[in-house]
Amino acid sequence: MENPSKILKNIPNEKLGEIKSVKKLHGGKVNQTYKVTSQKGVFVVRINTIDQIKVFRKEIYCYRTAKELSIPSPGVIKLYQDSKNCILVTKYIPGVSNKKIDKSKRAYIWEKLGEYSKVISEIKELPYGEDALNADDAKSKYTEGMIGYALKEFSKDDDYFLRNGMLNKREIERVLDLLNYLKQKINQINFGLIHGDLSLSNVVVNEKGVVYLIDWGSANLLPVPDFQVMEIYLNSILKESFKSGYLSAFLKGYGLEENYNFRNKETINAMSFLNLTDKIRWAIDNDKEEALRNYEKKLMKSKNQLLMV
């Protein structure tokens with residue numbers, strides 16, 4: 001990618017005006033993210049390669065849809081593109097995020113994220129979605145693609161996880177039981193829009209305590225509410241700093257009973273295991289060595305609880 005300063009200078013100034021300062025922001029694992037102060041205000045500018053413009057268009061749809069549903073979201077200013085790069089400009093929201101959020105307020109934020117997740121789960125379409133554009137198509141691809149593919153691979157005598165000692169034969173049998181259970185139950189589960197990366201790093205809390213939800217790059221149409229609960233449940237297993245009360249707060253905000261994850265543990269464990277192992281297979285296929293090591297660590301840390309063996 002070109003020098004960010006050079007790219008920013010090429011942005012037409014009818015929206016930003018003359019740029020006064022540029023500060024790189026933390027986060028932004030996929031995009032280069034900057035706080036830009038200009039003649040016309042303060043903005044967040046995210047830069048990616050042109051092949052990722054569809055993701056930015058998806059985010060714009062999600063930002064605008066969320067705002068229509070009264071979910072606090074930064075306003076979208078403009079999407080720019082040239083032959084090499086795409087640039088998404090949104091309004092900068094003054095406030096705190098991630099570790100700067102007061103610990104005493106974090107449970108409340110997870111409750112708000114539960115509220116937001118419930119609202120957006122009613123959305124059944126996702127223009128510019130990478131995997132599916134509507135809920136019916138998403139369910140078909142999840143069943144035939146993810147579950148069906150996983151069942152086929154785990155049934156092989158030389159499957160990656162068995163061959164590399166990550167799972168033994170007894171554990172593989174348990175995985176197959178979970179996946180077959182999920183395949184049988186999936187028709188009873190609704191699909192809808194999810195944010196895909198709920199975390200304190202993807203919220204901004206302003207001085208009035210309003211919780212803004214940002215960064216919709218991982219948004220997708222997936223099983224609701226189970227996939228959303230699964231994401232939070234995995235956090236409770238994998239992150240020592242993630243308090244169990246945050247899951248309870250999320251469930252409360254969503255309008256689910258506190259023991260929802262226990263009553264649906266087979267479904268949620270199956271989805272958790274499918275999600276982790278699918279990411280491992282993706283990392284292998286795309287030669288993502290660092291991502292592979294990260295996902296494998298997560299699997300080894302969580303597998304006993306997910307498989308209950």
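In which helix do Lys112 and Glu115 both lie, and how many residues apart are they? Both belong to helix H4, which covers residues 106–120, and they sit three residues apart, about one turn of the helix. The model described here is a predicted one, and its protein chain carries twelve helices and nine strands. The radius of gyration of this chain is 20 Å, close to the 19 Å that the globule rule gives for 309 residues, so the chain is as compact as a globular protein of that length.

**Overall dimensions and burial**

- Taken along its principal axes, the C-alpha trace of the protein chain extends over about 65 × 40 × 35 Å.
- Of the 309 residues in the protein chain, 50% are buried.

**Salt bridges**

- Side chains of opposite charge can pair when their charged atoms come close.
- Eleven salt bridges are found when the whole structure is searched, and those described below are among them.
- Lys118 forms a salt bridge with Glu122, for which the closest N and O atoms are 3.7 Å apart, and Lys118 itself counts as partly exposed at 37% relative accessibility.
- A salt bridge also links Glu153 to Lys156, with 3.0 Å between the closest N and O atoms; here Glu153 is the buried partner, with a relative accessible area of 12%, while Lys156 is partly exposed at 35%.
- Arg46, Glu59 and Asp215 are connected to one another in a network of salt bridges.

**The second largest pocket**

- Rolling a probe the size of a water molecule over the atoms shows where empty space is left.
- The volume of the second largest pocket is about 150 Å³.
- Its lining is made up of Val96, Ile101, Asp102, Lys105, Tyr108, Ile109, Val205, Asn206, Glu207, Gly209 and Val211.
- Sorted by class, the residues lining the second largest pocket comprise six nonpolar, two polar and three charged ones.

**Backbone geometry in loops**

- Most residues other than glycine have a negative phi, and most peptide bonds are trans.
- Ser70, although it is not a glycine, has a positive phi of about 70°; this residue is found in the loop that runs between helix H3 (53–68) and strand S4 (76–81).
- With a relative accessible area of 64%, Ser70 is classed as exposed, because that value is over 50%.
- Tyr128 is likewise not a glycine and has a positive phi of about 70°, and its place is in the loop between H4 and helix H5 (135–154).
- Tyr128 is partly exposed, its relative accessible area being 38%.
- The peptide bond that leads from Val224 to Pro225 is cis, with omega near 0°, and Pro225 is located in the loop between strand S9 (220–224) and H8.

**Asn168 and its surroundings**

- Asn168 is placed in the loop between helix H6 (160–163) and helix H7 (169–185), where it is partly exposed with a relative accessible area of 36%.
- A polar atom of the side chain of Asn168 lies 3.1 Å from the backbone nitrogen of Arg170.
- Asn168 and Leu113 are 55 residues apart along the chain, and their C-alpha atoms are separated by 37 Å.

**Ile237 in helix H8**

- Ile237 is part of helix H8, which spans residues 226–238, and at 13% relative accessibility this residue counts as buried.
- Between Ile237 and Ala107 the separation is 130 residues in sequence, and 17 Å in space from C-alpha to C-alpha.

Terms used:
Residues numbered from 1 in each chain as written. Predicted model: local features only at pLDDT ≥ 70, side-chain atom pairs only at ≥ 80, totals over all residues. Heavy atoms only, no water. Helix = DSSP H or I, 4+ residues; strand = E, 2+ residues; numbered from the N terminus. Buried < 20%, exposed > 50% of the residue type's maximum accessible area, 1.4 Å probe, protein only. Polar contact = N/O pair within 3.5 Å; in protein donor to acceptor, adjacent residues only side chain to side chain. Salt bridge = Lys/Arg side-chain N within 4 Å of Asp/Glu carboxyl O. 1 Å grid on protein atoms, 1.4 Å probe; cavity = no way out; pocket = protein on both sides within 12 Å on 5 of 7 lines; lining within 4 Å. Points joined across faces, edges and corners; volume = space filled by probe spheres on them. Nonpolar A, V, L, I, M, F, W, Y, C, P; charged D, E, K, R; others polar. Rg over C-alpha atoms; globule rule 2.2 N^0.38 Å.
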